[in-house]
Amino acid sequence: MIWNWSIFIITCLLMVFVGFWSGRKVKGADTDEGYLLGGKQIGPFVGAAALVATGYSGWGFIGAPGTAYAYGTIELLANFLYAPAICFGTLWFANYLRKQAGDRGGLTIPEYLSRVHRGTDKEKRAVHFLAGIATLVFLTVYVVGQIRALGYTGSVWLNISEQLASILLMLVVLFIAVQGGRLGIAASNTIMCVGMLISAAIVLYVIRADMSIGELFQRVAEIEPGMMNPQTSAPYGQGKYSVFLVFVYALLFTTCLPYMSSQFLTFSDKTKTHKVALYIAPMGLVLSVIPLVGLYMRIKNPGLAIADMSMPVFLNTFVSPKIGGLITLFIIFAMLSTVSAVVQTQAAALSYDIRSGLNMKEPKRSDLINRIAVIVIGVVSILLTYFAPQGMLNQFSYIGTGGLISMLFGPTIVQIFVKANARTCFWSMSVGLITNILLNTLTSAGWVEIPIIGAAVGGILYAVMGYITNGNKRIPDELEISTN
Amino acid sequence: MTGYWTIDAFIISSIILLAYPLINFFYQENKEKRKDVRTK
């Protein structure tokens, strides 16, 4: 326990230093751009590491080995598919989003949407407000789940109550976000990503020291052949190859979710996205080996009552206490990196998007308002985690990030091909969200399929309505003339 | 082929994951070099 507390305190001090350092390093720290976009000075390595750390949350270390323990190699494939999705999503869409936001002046995804869609001031503000409020509400529910997991893991690791662990860890996140803004979060996420990669390497080393990966697969196949050659993609769908929908989901997750796609806007003008993708690929591949722990535990300890305990039991049984403590720290890192990016996006929605959407006056010290918003979001999230009725949270969490994906696919991705107006954007977002809610409440479709169907419906509406309102053209005459 | 379709899919996808960004990187870098030479 002394070891765990020691490495926790050292890490906290490191993160505090990163927060201070970023606050001093960022260009235009007292402006919205400096705070929300890290002064647009993020390079390829930090950009890649921040995206990977945010994309691979604590799920990759706890949930994925648990699912592999219960269902087999389908989870190895499903978890891996996030790597190409983040890599190709960056390669195909980051440059476009970054250039458009730069040309039109968007600091957040909701603002970007209001700027790239033509229309009256009122229509643009409606788009800005709807995207901002949806980002705030759905990410709040998402972050509550993350804080709960953080509190549980931290409490076991530090031998304190869940509430105290959540508060301590959230204080670290808030400090980095308040002091360093987006640059602080990207810098700390880079450190966290390196920690996650080291953990994956240690896990692989421990398993390989006992048996080769080929032997591991062979022994799993001997115990349960269906775990190696599954006939369905359960828990990702009933079709044999439904698991590949996870790639589509993760691609939408990378390009449509504001806490992921807003990171594209933080890249420096000199940062080449093909270089960012080059870093993402090996990082993602290394993190994809983590579910092997679940398969290994299936051989070594087939009687686990709770599949999600496979990683904790693995660390307690097969790894020395000091290394186990270090890996748990990195698992907490994985959760923190996602929470920090989400909290910052929520705070931007509260302090910037909703204010702009309601046409409120710009405050003199906008950076101060942004920092206060981060603290408000942190406090409210902790209070919701432990005091809000669970039933209410469950209602929203079913929609959660999937709802945002369904809403934002049309205006973010289909917009590249069809230049629709703000009114179309508003209706596409509304219909995408309503479709998602209906599918959640009326059907038994899974969490992978629902956002994809919702996004498809919203996207088709965006394309058709946009094409018609453009006078049966992909790009309206007025835009073609202005670009010529 | 390993005889397990999930592992085969994992291996093939891993090769694509590593090769595609690498090929794209060299293509883009060469394109920029050619552009630089032309502007000089």
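Residues are numbered from 1 along each chain as its sequence is written, and chains are lettered from A and ligands numbered from 1 in the order in which they are written. In this predicted model local features need pLDDT of at least 70, side-chain atom pairs count only at pLDDT 80 or more, totals for chains, interfaces and linings use all residues, and side-chain values use heavy atoms, with hydrogens and water left out.

Colleague: Why is Cys12(A) called buried?

Modeller: Buried means under 20% relative accessible area, exposed means over 50%, and partly exposed lies in between, with a 1.4 Å probe and protein chains only. Cys12(A) has 17% relative accessibility, so the residue counts as buried. Cys425(A), with a relative accessible area of 0%, is buried as well.

Colleague: What accessibility class do Ser166(A) and Leu168(A) fall into?

Modeller: Ser166(A) is in helix α9 of chain A, where a helix is a DSSP run of H or I with at least four residues, a strand is a run of E with at least two, and both are numbered from the N terminus. Its relative accessibility is 0%, so Ser166(A) counts as buried. Leu168(A) is also found in helix α9 of chain A, but at 26% relative accessibility Leu168(A) counts as partly exposed.

Colleague: Which residues do Ser166(A) and Leu168(A) touch?

Modeller: Contact means heavy atoms within 4.5 Å. Leaving aside residues up to four places away in sequence, Ser166(A) touches Ile147(A), Gly151(A), Ile382(A) and Tyr386(A), whereas Leu168(A), with that exclusion, touches Trp5(A), Phe8(A) and Ile160(A).

Colleague: What makes helix α15 of chain A largely enclosed?

Modeller: Eight of the nine residues of α15, which spans residues 292-300, are buried, so the helix is largely enclosed by the rest of the structure. Among the buried residues are Leu292(A), Tyr296(A) and Arg298(A), and the elements against which the buried residues pack include α4 (63-71), α9 (162-210) and α16 (310-318) of chain A.

Colleague: Why is the pair Lys272(A) and Glu29(B) called a salt bridge?

Modeller: A salt bridge is a side-chain nitrogen of Lys or Arg within 4 Å of a carboxyl oxygen of Asp or Glu. The closest N and O atoms of Lys272(A) and Glu29(B) are 3.6 Å apart, so the pair meets that cut-off. The count between chain A and chain B is two salt bridges.

Colleague: How many residues of each chain are in contact, and what area is buried between them?

Modeller: In chain A 30 residues are in contact with 20 residues of chain B. Buried area is the accessible area, with a 1.4 Å probe, that two parts lose on being put together, summed over both; between chain A and chain B the value is about 2,200 Å², of which carbon and sulfur atoms give 79%. Phe80(A), His274(A) and Leu278(A) supply 25% of the area that chain A buries against chain B, more than any other three residues.

Colleague: What does chain B contain?

Modeller: Chain B has one helix and zero strands, and buried residues make up 32% of its 40 residues. Its C-alpha atoms fill a box of roughly 55 × 10 × 5 Å, taken along the principal axes.
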